[in-house]
Structures are given as C-alpha cells and as structure tokens.
Amino acid sequence: MKASALFVKALENEGVEYIFGIPGEENLDFLDSMRESNIKLILTRHEQGAGFMAATYGRLTGKVGVCLATLGPGATNFVTSAAYAQLGGMPILMITGQKPIKKSKQGRFQIIDIVNLMKPVTKYAKQVVNGNNIPSMVREAFKIATAERPGAVHIELPEDIAAEECEDNIYAVNPVRYPKADATSIEDAVKMIQNAKMPLVLVGAGANRTRIGDALKDFVNSTGIPFFSTQMGKGVIDDRHELCLGTAALSANDFIHCAIDRADLIINVGHDVIEKPPFFMENEEGSTKVIHLNFFPSEVDDTYFPQLDVIGDIASNVTSLTETIKNQNTWEFDYFKRVVAEVRSHTTKYFDDTRFPILPQRAVNTIRQTLDDEDILTLDNGVYKIWFARNYDCAAPNTLLLDNALATMGAGLPSAMAAKMVHPEKKVIAVCGDGGFMMNSQEMETAVRLGLNLTVVILNDNAYGMIKWKQSGMGFDNFGLDLGNPDFVKYAEAYGAHGHRPSSCEEFEKTLTECVNGTGVHLIDLAVDYSLNHAILNDLLDSKECII
C-alpha cells in the first residue's frame, strides 16, 4: 500500500477520531488516503486554530490530538500550538508535509528545516525517510506524546515518501503503567507530614488525571488537611469543598498567600515549574518545606527546590499516604479555616454589583450561575483570567479550561470548539478578550460550518487590558495599547452566527441563558469595566494584613 495509506492506517490503529488542519499540495496523497478512513478531517481557517483544537482534544480525552499542515508557512503556523501543548501538558501530534527529498522539484521554494525548528517545542520531531518506518514512528510518537509529562510530537511526511509503496505492518497499542514510589519515599513523606504543624496540600495541573482526583479527595477527607490549587489544577477537587482555600491566581499578594505564608509544609501534588509559580520558596532555615509528588523528579529552580521527591504513579502514591498517615493532634488548621471564610467573603463581594459596563466579578458570577457543574468554560488569555481563576468555582475537572503555562492569546475560541466536539451534550462557553478573540476570530466560520452549539462572550474594553493594567501598575502613562474594534454583532452575523450586545447586567444574564440553551453559534459583545483591577489586585490584597 501507499505510505500515506499506511500512515492513516497507523492513526486508525491509535484510535484517532479527528485530524484538525489545512492540507496543502504536499499532503494530497495523505488527504486522498483519508477518503476511505473513519477519521474525520476538521478543516480550519488557520493552522494555529487547528493546533489549539487538537491540544484541547488531548487535554480533555487524554488521547493524542492530531493536526495537519503543509510545509513552510503552514508548518511554521503550528509552532505556537506546539508550545501551547508542550508547556500545558497536552498530548498532540502535528503532521506536516515537505517537498520531495530524493530529488529537487522546485529548488528551495518554501523549504524550511521544520524538524529542527520543532525540536525545542516538542518531545519528538522526525522526518519520514522510508515509508516502511511509518508504523513504528507513529507508535513511538503516540507513546512519547502521552507519557508523563504529556506534550507535543511532530512527524514530517515528504511528498515523494507519501507516494511510495511499502509493506503493511502495524504495531499493537499497549497501555503504559507507572510504578509506585519506593517504600522509603512514602515513609519519609509520612514523617514529614506527621511532624508538620500546619501542612497544606497544593493541587497542580499534573493532578488532573482520571484516578488522581478521587485519591486526593480521599486523602483530604481522611486527614483533614486543607488544600489550594494552581490555575490549571482547578476542579481536581471541588472548589466548594469545605477545606478548599481557593486558587493561587497571582504569584504574591493574593488572599490565599496568607495561608501559604503560614504553612510549614506544602504537599505539592502534580505541580511543576512550567506553570506560573503559585508560591515562592525561600532558601532559609525554618522556611516552608515542600514534598514533590509527581510522575517525574522535580526540576530545581530559584523558586522551587523541594526537600523530598516522591516519584511514580501519583494516584497510587497518594493512596499509600492516606493509608499510612496517622492524624496528629499537633496539626493546627484553625487559621486555614479562617482564611477559607475570608477568601469566600472577598471573592463574592461584587457578584451582585449592577454597574455597567459590567465588572468582571459580576460576569464571572453570571456565567457560573448559568452553567451546570459539568458544563465547560474555556478562557483566552487576558486580565479576566485572574478573575475567573479566583472567583469561578469548579465542581469537576476540565470544566474551566485556561492556560497558565504558555499563556497564549488566541486559544479560547478553538478550545471551546474542540470541547464541544468532545462533549456535545454539555453547554460550552468561550470567554475572550477583544484582543485575543481577534487573533483567531476566523474560526467562527469553522464553528458555524460544523454546526456547533456554542456561545462566545467577548469582554470588550477596546484595549489589550492585561498589559494596560501592568503598565499602570508600573507607574507608566497609558500608551500604545488601545484598539479600534469592528462591530462584533455584525462581524458574527457575517459568519452566519448570532450577535448580541446587552446594555445592562440583567440583559446579559437573560441573553446568556437564551444563548447557551439555544442552537447555533452565538457571540455576545459585553462591555467590561476593569477600573477596579488596580485597587483590588494590587492595593488591597496585602497578604500580611488581609487576615486578622
């Protein structure tokens, strides 16, 4: 069979459902081989959007999301998506085309060394030079993409190799299981926890795996040790749990840092230095100790240098700790419980505020009240991400999809589209800033063409709001960050979607309810008021004073 057909067969063998992307001339053999396949091609308007969709598919399913691009500019458009998946721990395979490698067809036209370009932002990047190697390369790529920590892999399929005849040889897909930590590591961790006075659990992005949430919930319920999460760890345990202190949305000076500063031991489950630090370690005698529980060893960094690594299957190791630890009378959690009450009082303060343009806190509350526990909210990147991280309660894993690793703009809409494809039974809302939305707004056409029932909320401040906030906080005058936006209602309608522009908080609530319960693609242009950002996020959250 043709090498291109063998490639498609190898993907079928891996259980691939979709390939997101834009084929080019160099992919035409591969595209033709897909014709008889049960794999669906999701044609997008930009390769970056396809990459974001594939990465989100990987994040939600744990399987490898696959995307396709041609050579040259098509392949270079995957770089941001690759970095997004690599830093965010999302399994993704990028397939790109290339000119013939056995003879020159058009000189150096469009030819870039994509394999070497991809190596710094992937776990694996190779070119196919013999069609018979495709099954082993695909199997290896899928194993590497899903191995902890998950990430991006890349295979380049040259045009002449794709057309070659080769042997039919497919490898079996076998599950990979991680070993438990050795007994000494568990014993050392138990001693550190039992000897601590005020231990605290941190739930990171790496804990967002099927079995880990249940194991962590059992650990917290059994020991009574309070917990907090990173932004990408939200929902692993229900944010409404009585022992949940909330989410570390900032690196310092947020309410939760009152508790972090007092803890003498942090049991870090699934967090590593790729995600923005939820706390800073101090290299001083008597400072907070840290236990690193993860699939892989800790990376020493100025902000992170744990005293103990417990390496192996996280769920099994957490279960071993739960079964071994004896609760101590010397543990003191009263202060943490006061923090819980204080945090919830402050984060809900503006939930019912009626001023318009709307405060982000009110927008967060309205969206939370509109969605059910299992529904999905995706975020682009902007200052509003902090408000959602702090104020949006997640009842289940992967119900708030945000990126706190690469933190790229432009991912919110494609992520929502993939989420709706994976979970068509759930309501899905994408929240984007006006700046981030416009970076991949062309995918509105893709969403309409696919017949998705999807709602996009644009928090519109006619500016790059996050950078304006930073600019103000650093004492600089406003300069260079204001935008001139299109009429978003007409823009949506031009794509065949439905556009809305509420003029009050009450109208937004009504409009949002109608959109998420309706059909088709809806866009809500929502004017937002960020005037309290500086006061609340900078001035009023001194962690030394927020708790008496």
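The axes of helices H1 and H7 come within 9 Å and cross at roughly 35°. The model is predicted.

**H1 against H7**
- H1 passes H7 in a right-handed crossing.
- On the H1 side, the residues in the contact are Ala3, Leu6, Phe7, Ala10 and Leu11, and they meet Ile134, Pro135, Val138 and Phe142 of H7.
- Nine nonpolar residues make up this contact of H1 with H7, with no polar and no charged ones.

**Helix H7**
- H7 runs over residues 134-146, and its end C-alpha atoms are 18 Å apart; this agrees with the 18 Å that its 13 residues should span at 1.5 Å a residue.
- The buried residues of H7 are Ile134, Pro135, Met137, Val138, Arg139, Ala141, Phe142 and Ala145.
- Helix H1 (3-13) is one of the elements that cover these buried residues.
- Strands also contribute to the cover, including E3 (65-69), E4 (92-98), E5 (124-127) and E6 (152-158).

**Phenylalanine 7**
- Phenylalanine 7 is part of helix H1.
- Its relative accessibility is 0%, so phenylalanine 7 counts as buried, the cut-off for buried being under 20%.
- Beyond its neighbours within four places in sequence, phenylalanine 7 is in contact with Phe30, Ile95, Ile134, Val138, Ile155 and Leu157.
- Phenylalanine 7 and leucine 157 are 150 residues apart along the chain, yet their C-alpha atoms are separated by 9.3 Å.

**H14 against H21**
- Helix H21 spans residues 505-516, and its axis and that of H14 come within 10 Å, crossing at roughly 35°.
- The crossing in which H14 passes H21 is right-handed.
- Arg362, Ala363, Thr366, Ile367 and Thr370 of H14 meet Cys505, Phe508, Glu509, Leu512, Thr513 and Val516 of H21.
- The residues of this contact of H14 with H21 divide into six nonpolar, three polar and two charged.

**Threonine 370**
- Threonine 370 is found in H14, which covers residues 360-370.
- Threonine 370 has a relative accessible area of 12% and is therefore buried, again by the cut-off of under 20%.
- A polar atom of the threonine 370 side chain lies 2.7 Å from the backbone oxygen of threonine 366.
- Residues up to four places away in sequence aside, threonine 370 touches Lys427, Leu512, Thr513 and Val516.
- Of these partners, Leu512, Thr513 and Val516 are among the H21 residues that H14 meets.

Methods: Residues numbered from 1 in each chain as written. Predicted model: local features only at pLDDT ≥ 70, side-chain atom pairs only at ≥ 80, totals over all residues. Heavy atoms only, no water. Helix = DSSP H or I, 4+ residues; strand = E, 2+ residues; numbered from the N terminus. Expected span 1.5 Å × (residues − 1). Buried < 20%, exposed > 50% of the residue type's maximum accessible area, 1.4 Å probe, protein only. Contact = heavy atoms within 4.5 Å. Polar contact = N/O pair within 3.5 Å; in protein donor to acceptor, adjacent residues only side chain to side chain. Axes fitted to C-alpha atoms, helices over the stretch in contact; angles between N-to-C directions. Left-handed = near helix turned anticlockwise from the far one by under 90°. Nonpolar A, V, L, I, M, F, W, Y, C, P; charged D, E, K, R; others polar.
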